[in-house]
Amino acid sequence: MQYLAAGGGAGGFTPILMIALLFGVMYFMMIRPQQKRRREAESMQSGLGPGDEVVTIGGLYGTVTGVEDDAVLLEIAPGVQTRYARPAIARVVTRAELPSEPVTEDADTVKD
């Protein structure tokens, strides 16, 4: 009978350990990856600029023509512009090309 009483004290610690282990697994399998995806989406949305071709969460393709604090102007057809909230942009299809360095001509290459 004495060994049963001694074993009962260790059994009280096991459920607490299992619950802590469950929370640890949930954090690394669910919460942490979701936070990473949210950070990536926020950085993509904050990096939007004119000329970027994007897709909205509704599946609409458009080209960014203007950027405001919390909204983006998209041209969805020639001459048709719509305004969308930044979080409504799902992904960037193509980035706008950055302006290249100005071309300077050497004195040797100039034609008279």
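Predicted model: local features only at pLDDT ≥ 70, side-chain atom pairs only at ≥ 80, totals over all residues.
In this report, two residues are in contact when they have heavy atoms within 4.5 Å of each other.

Residues are numbered from 1 along each chain as its sequence is written, and side-chain values use heavy atoms, with hydrogens and water left out.

**The whole chain**

The protein chain holds 2 helices and 5 strands, and along the sequence they follow the pattern α-α-β-β-β-β-β. Here helices (H or I, at least four residues) and strands (E, at least two) are DSSP runs, numbered from the N terminus. Of the 112 residues in the protein chain, 16% are buried. Buried means under 20% relative accessible area, exposed means over 50%, and partly exposed lies in between (1.4 Å probe, protein chains only).

The protein chain exposes about 9,000 Å², and carbon and sulfur atoms supply 61% of that area. Accessible areas come from the Shrake-Rupley method with a 1.4 Å probe; for residues, only the protein chains shown count as cover. Take the contacts between residues at least 6 apart in sequence: 39% of them join residues at least 24 apart.

**The helix α2**

Helix α2 covers residues 13–46, which is 34 residues. From its first C-alpha to its last, α2 reaches 48 Å, close to the 50 Å expected at 1.5 Å a residue. That expected span is 1.5 Å times one less than the number of residues. At Y27, α2 bends by about 40 degrees; the bend is the angle between axes fitted to the seven residues ending there and the seven starting there.

Q45 is a residue of helix α2. Q45 counts as buried because its relative accessibility is 13%. Leaving aside neighbours within four places in sequence, Q45 is in contact with R86, P87 and I89.

**The sheet**

The 5 strands form an open sheet in the order β4-β3-β2-β1-β5, with antiparallel pairing. At its edges are β4 (80–85) and β5 (89–94), each of which pairs on one side only. Neighbouring strands of this sheet are turned by 45 degrees against each other on average, direction ignored. For such angles, axes are lines fitted to C-alpha atoms (for helices over the stretch in contact), and angles run from 0 to 180 degrees between N-to-C directions. Two strands pair if DSSP finds at least two bridges between them.

| β2 (residues 61–67) and β3 (residues 71–77) | 4 bridges | G66 with L73 |

V67 has V72 of β3 as its bridge partner.

**A residue in an edge strand**

T94 is found in strand β5. It is partly exposed, with a relative accessible area of 38%. Leaving aside neighbours within four places in sequence, T94 is in contact with D52 and E53. T94 and V55 are 39 residues apart in sequence, and their C-alpha atoms are 10.0 Å apart in space.
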